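Here is a short report on one protein model. Look over the sequence and the structure first, then read on.

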Amino acid sequence: MQKIYCHSDMRALKFLERFTSTQVHALNPVETSSGKTHGGVSRAKLNSQLLKSFKSNSKLKSFNSSVSVTEALLLPYGLPSTDLIEPTIEPHLKPIDFVEILSDLYRRLESCESQSDRSLLFVEQYFLLRSLGDPKLLRRCLRAARQNAVDVNSKVVLSAWLRFERREDELSGMSAMDCGGQVLECPKIALEYGYDPNLISTHCQCDQDQIEASNVPSWNENECVNLEQKESDVTFCIGNEEINCVRCKIAMLSSPLKTMLYGSFKESRKGRIDFSENGISVKGMRAVEVYSRTRRLDLFSPGVVGELLCFANRFCCEEMKSACDAYLASMVDNIDDALVLIEYGLEEMAFLLVAACLQVLLREFPNSLYDPKVMKFLCSSKTRERLAMAGHGSFLLYYFLSHLAMEESMVSTTTVMLLERLEECATQRWQKTLVLHLLGCVLLERREFKDAQYHFLAAVEAGHVYSVAGVARTKYKQGQQYSAYTLMSSIISEYKPAGWMYQERSLYNIGKEKISDLSTATELDPTLSFPYKYRAIAKVEEKQISGAITEIDKTIRFKLSPDCIELRAWFFLTLADYESALQDIRVLLTLEPNYKMFHGKTRGDYLVELLNHQVKQMTEADCWMHLYDQWSSVDDIGSLAIIHQMLRNDPGKCLLLFRQSLLLTRLNCQKAAIRSLRLARNNASSDHERLVYEGWILYDTGNREQALSKAEKSIHTNRSFEAFFLKAYVMADASLDPESSSHVIQLLEEALKCPSDGLRKGQALNNLGSIYVDCGKLEEAANSYLSALDIKHTRAHQGLARVYHLKNQRKAAYEEMTMLIEKAQNNASAYEKRSEYCDPEMAKKDLDMATELDPLRTYPYRYRAAVLMDEQKESEAVEELTKAIAFKPDLQMLHLRAAFHESSGDLSSALQDCQAALCMDPNHTDTLDLYNRARD
C-alpha cells in the first residue's frame with residue numbers, strides 16, 4: 001500500500017494545469033463569535049429585512065413580487081454551487097470485500113466457545129454492519145452482545161446502550177434507572193456477574209423486588225444496642241470511647257483479625273485494644289461490631305458504610321467488602337452521588353460501586369454530555385487509567401461515549417478527547433483501525449487537515465482502504481488537488497472499483513471526466529447521494545431548474561435524506577414555487593426538528609413562518625381533506641408535510657403524531673419514527689392510548705412479546721381500534737397457523753367495529769384481506785380489499801391483484817396493479833409486483849423500472865439473475881447479484897448467489913456467501929440448509 005502515498009509521474013504539464021484552479025474550502029462559514037453571515041450582515045438585521053420583504057410582498061400578486069421574495073430569501077446566502085459541495089467521509093468501517101469480512105466473522109462466532117469472547121464478536125459485528133444503516137440489524141447485534149456478556153462492565157455499557165437506542169430518556173415519567181420491564185436493559189441485572197443462558201426468556205423482577213423490599217421489617221438501632229451489650233469479651237477503644245465487641249465475631253471477619261485476636265500478638269491477651277490510630281471513627285467501629293453479629297448494613301448511612309468498606313480493605317475482610325460494595329452500589333441513583341462515590345470506589349477498589357456509578361452516568365446520556373463535571377471526569381486520561389485498573393476502562397465504554405458525543409457534535413472538543421481515550425483503549429487491529437478513521441473524520445470536520453491526514457494514513461496502514469478517501473480529501477483541502485487525484489486513481493487501478501472511489505476522484509477531476517466519474521459512481525452504487533446532488537446543482541447553474549428537480553428526485557424517491565430535501569427546497573424557491581418549497585421544509589423539520597437551512601444559518605421553522613405569507617392558508621378541515629388525498633395517492637412525503645402543518649396548530653395531538661410515525665416507518669426513517677411515537681406516548685390523554693404507543697415503540701425496537709402485553713393491557717382498559725390493531729399486527733408478524741390466523745381475523749374485525757378514521761380503517765381492511773388470502777378465503781379477501789378501496793386506501797389494489805392472480809385471472813391482476821401505478825406517487829413496489837402478472841418481456845421492463853425508481857429493492861436483481869440462470873448464463877447470473885450486493889449486502893441475494901455457486905460446483909464461494917448471510921441472520925432456515933449441504 002505504500003505506493004498510494006506517493007505522487008504519480010506527471011503525464012503532461014497540460015494535464016497538471018487542470019488542477020491549478022482556486023480552491024474553496026468552505027460553504028460560506030458563519031462567524032460565530034460575531035453572529036454575522038459571511039457577507040457581514042448581522043443575523044438580527046437580516047431576519048428583520050426578510051420579514052419586511054415578506055410582509056410587503058404578501059400584499060402583492062404580480063410576478064415581480066414573486067421575484068423579489070425569492071431574492072430576499074436566496075441572495076443573502078447564494079444558490080448552492082458545484083464548487084462548494086462535497087460528500088462526507090463516512091465515520092464507519094467500509095471493507096473492500098464486505099462479504100469476505102462477514103464470512104470470517106461468522107466462522108469465528110461458530111468456533112467461539114467463550115461467552116465473553118462471543119459478546120465481543122457481536123460488538124465487532126455491530127461496527128461492521130453500521131455502514132448498512134439498518135437499525136433493526138444493529139439492535140440485534142447489541143442484544144446478542146448483551147445476552148452473551150459475562151463481565152459487569154460489558155453488561156452496564158450494553159444495557160445503557162440499548163436503552164439509549166430506544167431513547168427511553170425522552171419518555172415522560174421514566175427515570176434513568178427504570179428498565180421498563182426490559183430484562184436486557186435492567187440496571188440491577190447488569191450488576192450481576194456471569195452468563196445466564198435463559199436471560200432472554202426471563203422477565204425483569206424489579207417491580208416485584210421493590211414490593212418485597214418494602215415488606216421487609218426494618219430493624220431499629222435500639223435492638224442492635226441491646227444485642228451489643230450481651231456476651232462482650234473485648235473492648236476497642238477510640239479516644240475516650242469504648243466499643244464492646246464479641247471477640248470471636250470480630251475474628252470471623254478476616255484472617256488478619258483472627259490472627260490479631262487469637263494469635264501470638266499481644267492483642268490476643270488483652271481485653272482492651274486501642275484502635276485510635278486505625279483510621280476509623282467511633283460510629284464506624286460500632287457499625288463493625290453490629291455487622292460482625294448481624295451481617296446487616298441497612299441500619300447505617302452511606303457514609304458509615306463507606307467507613308466499613310475502608311476498614312474491610314485495611315483488614316482484608318472480603319465478605320464485608322463485598323457486602324459494602326454491593327450495598328453502596330444499590331444506593332447510587334443520581335449523577336451527583338455517582339460522581340462522589342465513583343471516586344471513593346476507585347480509591348477503595350470497590351468495582352461494583354464503580355460499575356453502579358458508571359451506570360448512572362451512562363443511563364443519563366445524552367443529558368450527561370452537557371454536565372461539565374461528568375465530562376471533565378470521563379474525558380480525563382487519568383480517569384481512563386483508573387477505570388482500567390478497576391476493570392471498566394474498556395474500548396466498549398469509550399466507544400459508546402464517543403458515539404454519543406459524535407451524534408451531538410462532530411467538532412466539539414469533548415468528541416476529540418473521548419476519541420483520544422478510545423484510542424488508548426484499542427487493542428485489537430479492527431479497534432485501532434476504527435478509532436483512527438473516526439479521529440480522521442472528526443479532525444477533518446474541525447478543519448485540522450494535517451492531523452486528520454495523519455490519522456487517515458494510519459488507518460490505511462492498518463488495512464482500511466476506505467480511509468484513503470480521507471487522505472485524498474485532506475490533501476485536497478491543503479491545495480494538493482493533483483496529488484489527491486493520482487491517489488484515488490491508484491486505488492481504482494489496484495482494487496475492484498467501488499462507487500465511493502469514483503465519487504471521491506470526481507472531486508479532483510474537471511469537465512467531462514468529472515461527469516464520467518460521477519456517472520460511474522452512480523452505476524456502481526446508486527445509493528450515493530452526492531452524484532445526484534452535483535448533477536442537479538450543475539443543471540441549476542445552466543438555468544435548468546426543472547431538470548435539477550428531476551435529477552434530485554431520483555434519489556429522494558428511494559432515500560429520504562435531509563440534505564437532498566433541502567436542496568430541492570432551494571430549487572423550488574428559485575422557481576418561486578413557495579408551496580412546494582414549504583412542503584419540503586416541513587418534511588425537513590419532521591425528520592430533524594432543529595434543522596438549519598442555507599449552510600446551517602437559518603432555522604427551518606423560521607423559513608416556514610416566512611413562506612406562510614406566500615401560500616394559501618388551510619383550515620383544519622382543509623388539512624384533513626388534503627391528507628386523505630395525499631394518503632390515497634400514496635404520496636408519503638406530501639402526507640408528512642400536511643401532518644407537520646396540522647401539528648403546528650395542535651402540537652400535542654397524539655393521533656397525528658402516531659400517523660406521522662407510520663409514514664416515517666414506511667419511508668425507512670426509523671429514528672424519526674420512534675421520536676414521533678415517543679411524542680405521541682408523552683401526549684397521550686389516557687392510559688389505554690399510552691399503552692398502545694408504548695407497544696408500538698417496543699415492537700419497532702424488536703420487543704415483540706412486550707408489545708403484545710401492552711396491547712392486551714390496553715384492550716383490557718378500553719376496547720379501542722388501535723389496541724386491537726396493534727395486537728393483530730404483532731401476532732401476524734409471526735408464522736401463523738390456522739388457529740392463530742383465525743384469532744388475528746377476529747382481532748381485526750373487532751378493530752373495525754371501533755371508532756376510527758378512514759385512513760386507519762383502510763389499513764385494517766387491507767391487513768384483513770391479506771390474512772384471508774393466507775387462509776385461502778379469497779372471496780372474503782376480495783370483499784375486504786374492495787371495502788378498503790371504497791375509502792380510498794389505494795394500496796388495496798395490490799392485494800386485490802393477488803386475489804385475481806390466485807383465481808387465475810392474470811389480466812385482471814395486471815390491470816389492478818396498473819391502476820395502482822397510475823394513482824401512486826411512490827410506485828416502485830407496484831411495478832415490481834405487476835411484473836408477476838405479465839409475460840417475461842413485460843416483466844423485465846417493469847422490474848427495470850422498479851430498479852430505476854428504487855435501486856434498493858432486491859427482488860428485481862434476484863428475478864433477473866434467476867432468468868439468466870435458467871438460460872444457463874451462470875456467470876452473468878452471479879454478476880447480476882454481485883453488482884447489487886456490492887452496495888446492498890442483502891440476505892436474500894447472498895442466499896441466492898450461494899445457491900448459484902453450489903449448482904455450478906463452486907462450494908467455497910457458496911460457503912462464503914452462506915456464512916455472510918448467516919452473520920446477518922443466524923436463524924435463516926433456507927440458508928442454514930444450504931450451508932450444511934455445502935459443508936457436507
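## A leucine in helix 18

L378 counts as buried, at 0% relative accessibility. Buried means under 20% relative accessible area, exposed means over 50%, and partly exposed lies in between (1.4 Å probe, protein chains only). L378 sits in helix 18, residues 372-379. Helices (H or I, at least four residues) and strands (E, at least two) are DSSP runs, numbered from the N terminus.

Beyond its neighbours within four places in sequence, L378 is in contact with L358, F365, Y398, L401, L418 and R421. Contact means heavy atoms within 4.5 Å. Y398 is 20 residues from L378 in sequence, and their C-alpha atoms are 8.9 Å apart.

## How the model is described

This is a predicted model: local features need pLDDT of at least 70, side-chain atom pairs count only at pLDDT 80 or more, and totals for chains, interfaces and linings use all residues. Residues are numbered from 1 along each chain as its sequence is written, and side-chain values use heavy atoms, with hydrogens and water left out.

## The whole chain

The protein chain holds 51 helices and five strands. It has 936 residues, and 53% of them count as buried. Take the contacts between residues at least 6 apart in sequence: 60% of these join residues at least 24 apart.

The chain exposes about 41700 Å², with 49% supplied by carbon and sulfur atoms. Accessible areas come from the Shrake-Rupley method with a 1.4 Å probe; for residues, only the protein chains shown count as cover.

## Helix 22

Helix 22 covers residues 429-445, 17 residues in total. From first C-alpha to last, helix 22 reaches 25 Å, close to the 24 Å expected at 1.5 Å a residue. The expected span is 1.5 Å times one less than the number of residues.

Is helix 22 enclosed or open? Of its 17 residues, 14 are buried, so helix 22 is largely enclosed by the rest of the structure. Just after this helix, R447 takes a positive phi of about 65°.

## Cysteines

The disulfide count is zero. A disulfide is a pair of cysteine sulfur atoms within 2.5 Å. C316 is in none; its nearest cysteine sulfur, that of C317, is 7.4 Å away. C316 is partly exposed, at 42% relative accessibility. C425 is buried, at 8%.

## A histidine between helices

H924 is in the loop between helix 50 (907-920) and helix 51 (925-935). H924 counts as buried, at 14% relative accessibility.
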